[in-house]
Structures are given as C-alpha cells and as structure tokens.
Amino acid sequence: MPPVPFTEAALAALLIVRPLTGPGRELRRARLLFAGGGSAVPVGTWPSARVREWGVRLGQWARARRELVCLPAGVAVALLGASVLPLLAALVAVPLVRKWLAARRERGERECREAAVIELCGAVAGDLRAGRQPGQALAGVSPGGLGPQWAAVAAAARFGGDVPEALRAVASRPGAEGLHGVAACWRVAVDGGAGLAAGLERVAAALSAERDQREELRAQLAGARSTAVMLALLPVLALLMGSALGAAPLRVLLHTPPGLGCLLLGGLLEGAGIAWTGRIVRAAAGETKTPAGPAPSEEGKLL
C-alpha cells in the first residue's frame with residue numbers, strides 16, 4: 001500500500017476533528033471522503049441537550065406544584081430548631097397554599113374570560129358595521145379566553161342553530177357572564193330586527209366600565225394588602241433579629257412549655273389577623289360573592 005502524503009493525512013485529520021467543534025458542512029465533507037469513518041452526532045452536545053430537557057421538565061413540574069416549596073422551608077427550619085414541629089406545620093400549610101394558588105389561578109382565568117367577552121363584542125360589532133351578516137361575524141371570531149366551549153357557539157352561528165342558547169351555555173362559566181347580554185342582543189335582533197351592532201357596543205361598554213371600576217378599586221386597596229403582608233412578616237423578622245443577637249428564639253419556642261404556648265397562641269392570632277384583614281379587603285373590593293350575570297330582564301335594557 002503506497003504511503004499517504006503528509007498533506008492528505010493532515011487534511012483527513014482536520015476533517016475528522018473539525019466536526020466536533022465546527023458546523024455540519026465539514027462533517028458532511030468528511031463523511032463523503034471517508035465512508036463509515038465515525039458517528040455524525042457531535043459527542044459534546046447531547047449531554048447539554050439532555051440537561052436542558054430535564055431542566056425544562058423540572059421547571060414545568062415546579063410551576064405546577066409550587067405549594068411544595070413549603071416542604072423544603074419546613075425541613076430547613078426543623079433542622080435549625082432541632083424539632084419536628086416546623087415540618088408538621090409545613091405539611092399542614094401545603095393544602096392551604098394549594099387552595100390559595102388555585103383561587104389566584106381561577107381569578108386570572110375569570111379575568112381572561114371577561115376580557116375575551118369584551119373583545120368579542122367589539123370584534124363582532126365591527127364586522128357588522130362593515131356589512132357582514134351576524135352569523136358570519138360571530139362564526140369568524142375565535143376568542144381565546146373562552147376555551148373549547150366556544151366551538152358550539154361558532155357551529156350554531158354557522159349552521160343556523162340556537163345561538164342564544166349556546167351563548168348562555170358558555171356564559172355559565174365564571175367571567176363569561178357578559179355573554180348573557182350578547183344572547184339577549186342576539187335574540188332581540190333576530191326577533192325584532194333591532195340593531196345588533198349597537199347592542200353589542202353597549203354591552204362591551206358596560207363590561208369595560210365595570211372592569212375599570214374594579215381595577216381602580218383594586219389599585220386603591222393595594223396599600224392595605226401590602227400593609228397586611230408586612231404585618232404578617234413581622235414575627236419572622238423578630239425571629240431573625242433574635243437569632244442574630246444570640247437569643248436562640250427557635251430553641252425557646254420549640255423546646256420549652258412557655259415557648260410552645262406562645263407559639264400556639266401567636267400562630268392562632270396571626271392566622272386570625274390574616275383572615276380578618278383578607279375578609280375586610282375582599283369585602284371592600286366586592287369579592288365576597290361570585291359575580292353573577294345580569295338577569296334577562298335587565299339585559300334587554302342594554303338595547
């Protein structure tokens with residue numbers, strides 16, 4: 001076998017080494033020159049891709065189970081205080097935090113549906129002003145916040161079904177109560193020949209005014225909410241200051257009868273204060289009752 005010239009050997013070595021760090025063009029050229037000369041996947045990239053994939057999955061799981069953050073905090077306090085009571089408190093706090101997070105998520109979904117109804121009224125009214133038929137205008141709108149239940153409304157509008165009944169079915173979900181007004185406008189427009197675009201614009205204006213009023217009231221109550229949170233965190237700050245001064249407050253609270261009594265009484269008062277403050281703020285914001293849709297007799301007044 002004749003000896004390989006030095007230039008050709010150097011070129012072959014360069015074509016084999018470059019695919020590990022460079023783009024894929026040299027890799028394809030080396031595979032053409034040396035058939036079966038090695039794997040086409042750079043060995044230095046797959047671990048990072050696998051780590052990124054597991055990181056994304058871990059992040060999704062952590063966002064879906066955020067209430068489990070109470071457990072590491074309870075374990076840390078239990079180790080610092082050499083007691084199992086903080087861990088038990090963390091286990092009790094998990095369902096409470098889950099309930100609180102579910103309430104926040106439901107409130108966000110309710111506000112998203114309300115915004116979708118307002119957008120729907122404006123879009124359909126604009127299409128009607130442009131000369132489209134009511135069924136075509138309603139079937140051509142796809143509000144994202146109303147979920148898959150909107151497909152029944154679009155089908156009813158496209159194929160001549162009972163559109164008001166389909167709208168009322170979607171309006172049963174929290175935040176979509178404004179669709180009762182849309183159903184009333186549709187019924188009056190079909191039966192009596194009244195202007196549907198004007199009715200939808202009035203429904204959108206009423207819903208927008210109600211949302212703006214609620215947001216303004218929520219902004220005014222932000223100070224009260226912040227004060228309640230700060231007062232709730234004062235005992236934690238006191239424990240940190242006592243630990244910094246060398247008083248060992250965790251040992252006193254978790255390992256002495258007077259400390260356990262103070263811990264129990266303080267926890268009850270803290271919980272009662274948070275519940276009372278939250279009830280006052282919710283009552284001032286009008287959130288004590290689930291908002292219900294307007295009565296059918298009142299919906300006709302929007303026209």
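Some ground rules. The model is predicted, so local features need pLDDT of at least 70 and side-chain atom pairs count only at pLDDT 80 or more, while totals for chains, interfaces and linings use all residues. Residues are numbered from 1 along each chain as its sequence is written, and side-chain values use heavy atoms, with hydrogens and water left out.

Start with the fold. The chain has 14 helices and zero strands. Helices here are DSSP runs of H or I with at least four residues, strands are E runs of at least two, and numbering starts at the N terminus. Along the sequence the pattern reads α-α-α-α-α-α-α-α-α-α-α-α-α-α.

Now the totals. The chain has 303 residues, and 24% of them count as buried. Buried means under 20% relative accessible area, exposed means over 50%, and partly exposed is in between, with a 1.4 Å probe and protein chains only. Next, contacts, meaning heavy atoms within 4.5 Å. Among contacts between residues at least 6 apart in sequence, 53% join residues at least 24 apart.

On to the core. A nonpolar core is a set of buried Ala, Val, Leu, Ile, Met, Phe, Trp, Tyr and Cys residues joined through side-chain atoms within 4.5 Å. The largest one holds 36 residues, and Val 124, Leu 138, Trp 150, Leu 167, Leu 179 and Leu 200 touch the most other members. Six helices each supply at least two residues of this core: H5 (85-129), H6 (134-139), H7 (150-159), H8 (163-171), H9 (179-192) and H10 (196-220). Helix H5 gives the largest share, eight residues.

Look at Leu 200. What does Leu 200 touch, not counting residues up to four places away in sequence? The partners are Cys 121, Val 124, Ala 125, Leu 128, Val 182 and Cys 185.

Two cysteines are on that list, so check for disulfides, defined as a pair of cysteine sulfur atoms within 2.5 Å. The count is zero. Cys 185 is in no disulfide; the nearest cysteine sulfur belongs to Cys 121, 7.6 Å away. Cys 185 is buried, at 2% relative accessible area.

Now charges. Side chains of opposite charge can pair when their charged atoms come close. We call it a salt bridge when a side-chain nitrogen of Lys or Arg is within 4 Å of a carboxyl oxygen of Asp or Glu. The whole structure has six. I will show three of them.

Pair one is Arg 218 with Glu 111, with the closest N and O atoms 2.6 Å apart. Arg 218 is in helix H10 and Glu 111 in helix H5, so this pair ties together parts 107 residues apart in sequence. Arg 218 is partly exposed at 25%, and Glu 111 is partly exposed at 30%.

Pair two is Glu 114 with Arg 214, with the closest N and O atoms 2.4 Å apart. Glu 114 sits in H5 and Arg 214 in H10, so parts 100 residues apart in sequence are tied together. Is Glu 114 buried or exposed? Glu 114 is buried, at 11% relative accessible area, whereas Arg 214 is partly exposed at 24%.

Arg 129 lies in H5 and Glu 201 in H10, so the pair ties together parts 72 residues apart in sequence. Arg 129 is exposed at 54%; Glu 201 is partly exposed at 38%.

Stay on H10 for a moment. Leu 217 is in this helix. The C-alpha atoms of Leu 217 and Ala 284 are separated by 8.4 Å, though the two are 67 residues apart along the chain.

Next, the surface. Val 84, Leu 85, Leu 88, Leu 91, Leu 260 and Leu 263 make a nonpolar patch of about 480 Å². Patches take residues with over 30% relative accessible area and no salt bridge; like charges are joined within 9 Å, and nonpolar side chains (Val, Leu, Ile, Met, Phe, Trp, Tyr) within 5 Å. H5 gives the largest share of the patch, three residues. Leu 85 lies in H5 and is partly exposed at 35%.

Ala 82 is not a glycine, yet has a positive phi of about 55°. Ala 82 lies in the loop between helix H4 (70-81) and H5 and is exposed at 58%. Ala 248 also has a positive phi of about 55° without being a glycine. Ala 248 is in the loop between helix H11 (222-244) and helix H12 (249-255), and is partly exposed at 31%.

Methods. Accessible areas come from the Shrake-Rupley method with a 1.4 Å probe; for residues, only the protein chains shown count as cover.
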